[in-house]
Structure formats: structure tokens, C-alpha cells
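I opened the two-chain file and kept notes in the order in which I looked things up.

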Amino acid sequence: MQQYILRRVLLNLLVIYFVATLVFLLLRIDTDYVVTQRAGQTSVAASGSSEDATEQAKKLVREDLGLDKPLLKQYWIYLGDLAQGDLGESFQAKDDVMTEIGNRLGPSLELGLLQIMVALVIAVPIGIISAIRQDSIVDYVLRFVSIAFLGIPVFVLAVFVLRGSAIWLNYTPPLTTYKDLFPFPPFETGRGVDVWMNLQIMFMPAIVGGLGTGAIIMRFLRSQMLEVMRQDYVRTAWAKGLRERVIIMRHSLKNAMIPVLTVVGLLLGTIVSGNVILETIFNVPGIGLWVVNAIGTLDYPVVQGVVLVVAVTLVFVNLMVDIAYAWLDPRIRYG
Amino acid sequence: MQAEDQQAQPAAIAAPREWTLPKRPSVAANIWKFTRRKPLGAFGMLIVIAMLAMTLGTPKAEFGTPDLPSRPLGFELGKPWLARFDAEAIFRDVDTGRIARYNEPSTTHWLGTDKGGRDTYSRMVFAARRSLFIGLWALMFATVIGTAVGVVSAYFRGWFDTIVQRIMDSFQAFPALLILILLVSLRPPSLTILAFGLGFVGVTSVQRIVRGVVLSTREQPFVEAARVIGATDLRTMVFHILPNIMAPIIVVFSIGLGAVILAEAALAFIAPQRVPQDPSWGIMLQQTRDAIPPFPPFAPFTILKGTPQGYHTLAAGGAIALAVLGFNLAGDALRDVLDPRLRVG
């Protein structure tokens with residue numbers, strides 16, 4: 001087990017190195033375009049003609065991005081900075097990207113966790129009911145609803161929910177910044193977390209995101225339950241005269257949930273992408289909203305930093321899911 | 001004809017026995033059988049066909065290099081036959097001469113007009129072309145590269161496989177949407193780049209499925225037989241393995257289309273300024289996102305009635321949802337028919 005974990009961690013370091021290199025190369029596909037676009041937004045107090053000013057602005061941006069050095073040297077500097085956890089500073093606000101990501105991580109993580117919670121709370125009971133009443137009317141209705149939620153994209157549903165609540169209920173979630181939503185660390189500001197405000201902002205995106213994720217989990221859990229309930233040991237349990245509740249909850253569900261947990265792990269990538277959309281629509285001040293705004297202002301260090309941090313997080317979360325899987329099901333070989 | 005041929009044969013061979021072969025079911029009968037077995041799949045197919053119909057238009061004569069969105073197949077397509085007006089035509093109020101913003105649906109404008117006084121229905125039809133061809137281009141790219149990588153990686157196994165799979169792992173570690181956002185912000189807005197980006201993101205999942213299938217296919221006797229008679233590796237892969245994994249490839253293609261169309265719409269929705277501005281469902285939906293009237297009356301169905309933008313939202317959102325649903329359902333049914341054991345995504 002220890003050897004397995006060690007090997008996986010080492011392999012993951014290699015993966016992270018590849019990720020970092022890819023991001024580096026992506027940013028250098030077309031440096032001219034990047035510099036020109038960015039220079040358009042940089043104001044330079046220039047003396048002389050406007051052409052001079054443009055050139056000066058471009059030169060400034062090049063220096064800012066470190067593009068004036070040779071490629072290999074850029075790569076070396078980039079890797080060195082990364083190794084020290086330095087992601088540079090944002091163009092717009094001149095903030096340290098790493099600190100800012102740390103500040104905004106709270107709301108994003110909370111939204112992701114709430115989403116998984118909502119998905120599980122909805123999907124597990126529905127999946128069980130759908131499996132034990134297979135091919136009944138209830139099953140058909142539940143399956144149809146889940147297919148519908150599988151098809152409706154999260155941003156379509158989100159727009160309808162937001163418009164609907166504004167029109168029918170005269171209610172829209174409050175607007176706030178990450179400082180109020182998730183003061184981190186809470187003791188430093190002395191204000192603590194405003195739980196009511198936090199919930200008001202989180203419940204709509206969490207439910208909208210949870211429905212789509214829940215539909216996937218529900219379909220998977222249903223098929224797993226059906227498989228498990230045909231096993232011999234479940235028949236033995238019935239023959240022993242155990243109560244239905246015990247057979248389903250203790251004998252079937254426990255075993256059906258193991259593969260479902262892996263799917264939950266695999267869904268994390270989808271949830272991160274979905275979060276970017278949900279945060280933008282519902283104005284949740286997390287990483288997603290920040291990065292979308294950064295694209296609007298062509299703030300490359302921010303985009304690059306967020307992509308890197310999210311990718312690294314995903315790699316390690318996947319590792320943890322794999323380890324948890326091996327721990328939950330001792331039959332798994334570490335290979 | 002058949003009778004004459006048989007008479008022309010030498011008499012030594014006895015006249016063939018009269019066989020009554022079972023009649024081959026007609027195409028219509030096959031379709032009917034599919035519809036009976038997979039009603040939801042047939043519904044999905046119907047949506048896919050409707051989407052294809054929306055893209056049809058009179059082709060222009062000149063050929064050129066294929067380019068999105070104007071020349072997806074190498075020649076330019078005219079206005080879709082199903083669209084009533086040009087996508088950019090601006091309509092004005094007959095009485096006042098003002099631009100007809102957010103008109104309610106009428107016999108002229110079936111789904112009303114948008115913020116700029118353009119016909120929503122026509123724009124919806126135009127956008128289908130963009131969505132579908134981006135999807136097709138991206139999936140072509142993803143399938144070709146993904147299949148090549150998957151087949152080669154699984155065929156040679158060993159350390160080569162390990163290295164390729166680790167590189168693929170690092171691709172997969174990227175959250176797809178973020179990497180697309182980064183890509184579109186690094187280049188001038190272009191649908192061709194976008195299609196390749198979407199394809200690039202899809203390569204990992206295609207190659208993972210193909211690799212899994214090839215790992216079991218390469219152990220089968222016919223591959224061994226090919227090796228015994230001295231077929232080169234390339235020949236074994238292209239002529240022996242590839243034809244035998246077509247079913248999963250087709251299934252991956254059809255299910256992937258829905259995902260790519262969804263991703264393109266999502267990207268146009270959250271970063272509308274970074275994608276080309278021709279009609280797109282994602283941009284249409286984004287335009288109405290913030291257009292919420294201040295204090296509408298409380299009544300059922302006000303989401304449609306009291307607010308003309310509601311129709312616009314419904315047209316764009318409904319089109320995306322239906323298209324994704326259609327491709328998913330059709331792909332699922334196709335998988336059940338072609339390769340029931342395959343697990344995709």
C-alpha cells in the first residue's frame with residue numbers, strides 16, 4: 001500500500017510537470033497577439049507620436065511577461081518561480097496571484113462540496129427507489145426526470161432559475177465580495193462568517209449544479225444496485241428472513257456505493273468546470289468568477305495561475321479518490 | 001437475368017434447389033423496429049435530423065479551403081432554407097420606425113425579435129449550423145488523433161504505453177472549460193481554432209476508450225494469425241485491428257458530439273466577447289441573462305408573457321437543451337444496438 005501511494009505520488013509529480021510545461025507552451029503560441037491585445041489596455045505616458053506610444057506599451061508588456069528573454073531562459077525562470085510557489089502578480093490590480101487564489105478558494109470549495117452534497121442527497125434515495133421498484137411507473141418517471149436533467153445544460157437551468165425567482169418571487173441573491181462571504185482566516189478579520197448571507201448566495205447554484213450531477217450519480221447507482229441485488233449473498237439475506245430495510249441499506253447499498261464513489265471522484269473535474277459557469281451566473285465571488293473577469297481584461301498571469309492551481313488540485317484529488325477506493329474495497333489490487 | 005445465367009451453366013451441375021430465403025427486412029421496417037425497441041433513441045435521432053435539416057442551404061459554386069463558419073465543407077452555404085430572414089437583418093416598427101426590440105412572437109417573427117431587432121427564429125436556425133459543424137470538426141479531430149494514440153499505445157504496451165498514458169493523464173488534469181477559456185483568449189476569435197481546441201480536449205477520453213478496446217482485441221486469434229503470416233505492425237493495426245473497433249468509435253463519436261456542442265455553447269455563454277459574433281445559442285442566451293425587468297407582476301407563466309426576453313431565453317436555452325439531449329439519447333441507443341458492453345463516460 002505504502003509503495004503504491006509513493007509510486008502514484010511520484011507519477012503525479014511528473015504529470016504536474018507536464019501540465020506546467022503545457023501551460024507555458026500554450027501561452028507562447030502567438031505572443032504577438034497577446035502583447036498587442038494587452039498593450040491596447042496599457043496606458044503609457046509617452047512623449048512623441050502615437051506609434052511610439054504603441055511600441056513603448058508593447059515593450060512594457062513584453063518585459064512584464066518576461067517575453068524579451070530567450071525561450072529556454074523564460075522556461076527556466078518559469079519553472080523556478082513555480083517551484084517556489086510564485087505565480088507572478090496580476091496585471092490589473094498588481095496583486096500576488098497565489099494569495100488572491102487562496103482568498104477566493106473558500107467560496108469555490110464550498111460551492112463544490114455543497115454541490116456534491118445536494119447531488120448525493122437527491123441521487124441516493126431516488127436511485128434506491130428506482131432500483132427496488134424496477135420497471136414500475138415510479139421507476140419510469142424518475143428515470144425520465146433524470147434523463148431530462150442530464151440533457152439540460154447547467155447554464156440554461158441556471159438562467160431559468162435566476163429569471164424565474166426574480167420574476168415570480170421578486171428575489172435575487174445578494175451581491176457580495178469574497179471578503180464578506182468567506183473571511184479567511186475568519187479570526188483575523190474578527191467578523192466571522194455571515195452564515196445566512198453565505199447560504200443565500202450558495203443555495204441556488206448548489207441546487208442547480210447538484211441536479212445535473214445528481215442525475216448522473218442516480219443513473220449509475222441504479223444500475224449498480226440492480227447488479228448487487230441479484231447476487232447470491234443478497235438472496236441468502238432474503239432467505240434468512242431479514243427485513244427489507246436491512247437488506248437494502250446494509251447488504252446492497254454498502255456494496256453498490258463503492259463504484260459510485262469513484263464516479264463522484266471522476267465528476268470532480270466536471271464540477272470544477274461547472275463551477276466556473278455557476279459562479280459567473282450567480283455572482284459567487286470564487287475562483288471561477290475571478291478567472292472569467294480576468295479573461296475580459298486579458299490578465300494572463302491570473303488565467304495561467306488559476307489553470308495551474310486547479311489542475312494540480314484535480315490531480316491530487318484523483319489520487320485521493322483512488323486511495324480511498326482501494327481502502328474501501330480491499331479486493332482491489334494495487335497495480 | 002438470373003434465370004438466363006442459370007440456364008447458361010453446363011448441364012452437368014444439377015439445377016440448384018429452390019431456396020426461399022427469408023425476405024430481408026426493408027429499411028422502413030428496420031426503422032420501425034428501432035423505434036419500437038428504443039423510443040427515446042428514436043426521439044433523439046429525430047432531433048438530430050431536425051438539426052441537420054436546419055443547416056441545409058443552397059451551396060454556392062466556388063470551392064476553397066474549408067473554414068468555419070462560412071465554408072464548413074469547402075463551399076459556401078447560403079441562407080438556411082428553414083430560416084425566414086437573414087441573421088443580421090434588422091427589423092423596424094412599421095408605425096414608429098424604431099428598431100423592433102424584443103417583440104412578442106407574431107406571424108412574421110415566430111419567436112419574436114432580439115435586443116437588436118433581429119428575428120430570433122432565424123438566428124436560432126443559423127446558430128444550428130455553427131453548433132453542428134463545430135461539433136463535427138472537433139469530433140473528427142478528436143476521433144482521428146484519439147484513435148491513433150489509443151491504438152498505438154495499446155498495441156505496443158510496455159514503457160511506451162506508460163509514457164503516453166501519463167502524458168494523457170496530464171491533459172486530463174486540465175479542467176476542460178478553463179483550458180478552452182485560456183486558448184480562446186490567446187488567439188484572435190476564430191471558430192476553426194475553437195473547434196480544434198474542443199477536439200484537443202476530447203482526445204483523452206476518446207483514446208482512453210479506444211485503448212481499452214484494443215487491449216482486449218489485440219489478444220484475439222486473428223491478430224495473432226496476422227502476426228504469424230508476417231504482417232508488419234502498421235498493417236496489423238490498420239487492416240486488422242482498426243476495422244474491428246469501428247463500433248465503439250462510432251458510439252464515442254455520437255456521444256461526444258453532444259458534449260462538444262454543450263461545451264461550445266457554454267464557452268460562448270461565459271466569454272461571449274472572446275468568440276466570433278455570428279449567431280450562436282450560447283451568445284443568444286447570454287444576451288438575455290441580465291435583461292430581467294425590474295418589478296414584474298406575480299402571475300404564472302410571466303416568464304414568457306410579461307417579459308418578451310423570455311421568448312428569446314426560451315428559444316436559445318431550449319435549442320441547446322434539446323440538441324444536447326437529442327445527441328445523448330441517440331448516442332445511448334446507438335451504443336445499446338452496436339456494442340452493449342461498452343461503457344462511455
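**Entry 1: Tyr171(A).** I started by listing what Tyr171(A) touches: leaving out residues up to four places away in sequence, the contacts are Ser165(A) and Ala166(A). I note here that the model is predicted. Tyr171(A) sits in the loop between H7 and helix H8 (178–181) of chain A. Is Tyr171(A) buried or exposed? I counted 11 other C-beta atoms within 10 Å, and exposed means 12 or fewer, so Tyr171(A) is exposed.

**Entry 2: Val61(A).** I looked up Val61(A) next and found it in helix H3 (residues 50–65) of chain A. Val61(A) has 25 C-beta neighbours inside 10 Å, and the cut-off for buried is 20 or more, so Val61(A) counts as buried. From Val61(A) to Ala215(A) I get 47 Å, C-alpha to C-alpha, for a pair 154 residues apart in sequence.

**Entry 3: chain A overall.** I counted 14 helices and zero strands in chain A. The C-alpha atoms of chain A fill a box of roughly 90 × 55 × 40 Å along the principal axes. Chain A has 335 residues, of which 36% count as buried. I also checked sequence separation in chain A: of the contacts between residues at least 6 apart, 70% join residues at least 24 apart.

**Entry 4: chain B overall.** Chain B has 12 helices and two strands. I read the order from the N terminus as α-α-α-β-β-α-α-α-α-α-α-α-α-α. Of its 345 residues, 44% count as buried. Among contacts in chain B with a separation of 6 or more, residues 24 or more positions apart account for 70%.

**Entry 5: H8 of chain B.** I went through helix H8 (residues 221–228) of chain B for buried residues and found zero among its eight, so I wrote it down as hardly covered. Gly230(B) follows H8(B), and its phi is positive, near 90°.

Entry 6: I looked at two residues other than glycine with a positive phi. For Asn283(A) the phi is near 55°, and the residue is placed in the loop between H12 and H13 of chain A. Asn283(A) has 18 C-beta neighbours inside 10 Å and therefore counts as partly exposed. For Arg157(B) the phi is near 50°. Arg157(B) lies in the loop between helix H4 (120–156) and helix H5 (158–173) of chain B. How many C-beta neighbours does Arg157(B) have inside 10 Å? I found 12, which means that Arg157(B) counts as exposed.

**Entry 7: where the chains meet.** The contact takes 44 residues from chain A and 41 residues from chain B. On the side of chain A that touches chain B, the elements giving two or more residues are helix H1 (2–27), helix H2 (31–40), helix H6 (137–151), helix H7 (154–168), helix H12 (244–282), helix H13 (287–296) and helix H14 (300–328). Which of them gives the most? H7(A) does, with nine residues. I sorted the residues on this side of chain A by type and got 36 nonpolar, six polar and two charged.

**Entry 8: the largest nonpolar core.** I counted 166 residues in the largest nonpolar core. Val307(A), Leu178(B) and Leu180(B) touch the most other members. I followed up Leu180(B): setting aside residues up to four places away in sequence, its contacts are Gly197(B), Leu198(B), Val201(B), Ala263(B) and Leu267(B).

**Entry 9: confidence.** I left the scores for last. The model has an ipTM of 0.79 and a pTM of 0.81. The average pLDDT of chain B is 80, and 86% of the residues score at least 70. I marked residues 293–303 of chain B, where the pLDDT is below 50. Beyond near neighbours in sequence, this stretch has 15 contacts in the model.

Note on methods:
Residues are numbered from 1 along each chain as its sequence is written. Chains are lettered from A and ligands numbered from 1 in the order in which they are written. This is a predicted model: local features need pLDDT of at least 70, side-chain atom pairs count only at pLDDT 80 or more; totals for chains, interfaces and linings use all residues. Two residues are in contact if their C-beta atoms, placed from the backbone, lie within 7 Å. Helices (H or I, at least four residues) and strands (E, at least two) are DSSP runs, numbered from the N terminus. Ala, Val, Leu, Ile, Met, Phe, Trp, Tyr, Cys and Pro count as nonpolar, Asp, Glu, Lys and Arg as charged, and the others, Gly among them, as polar. A nonpolar core is a set of buried Ala, Val, Leu, Ile, Met, Phe, Trp, Tyr and Cys residues joined through C-beta atoms within 7 Å. pLDDT is the predictor's confidence in each residue, from 0 to 100.
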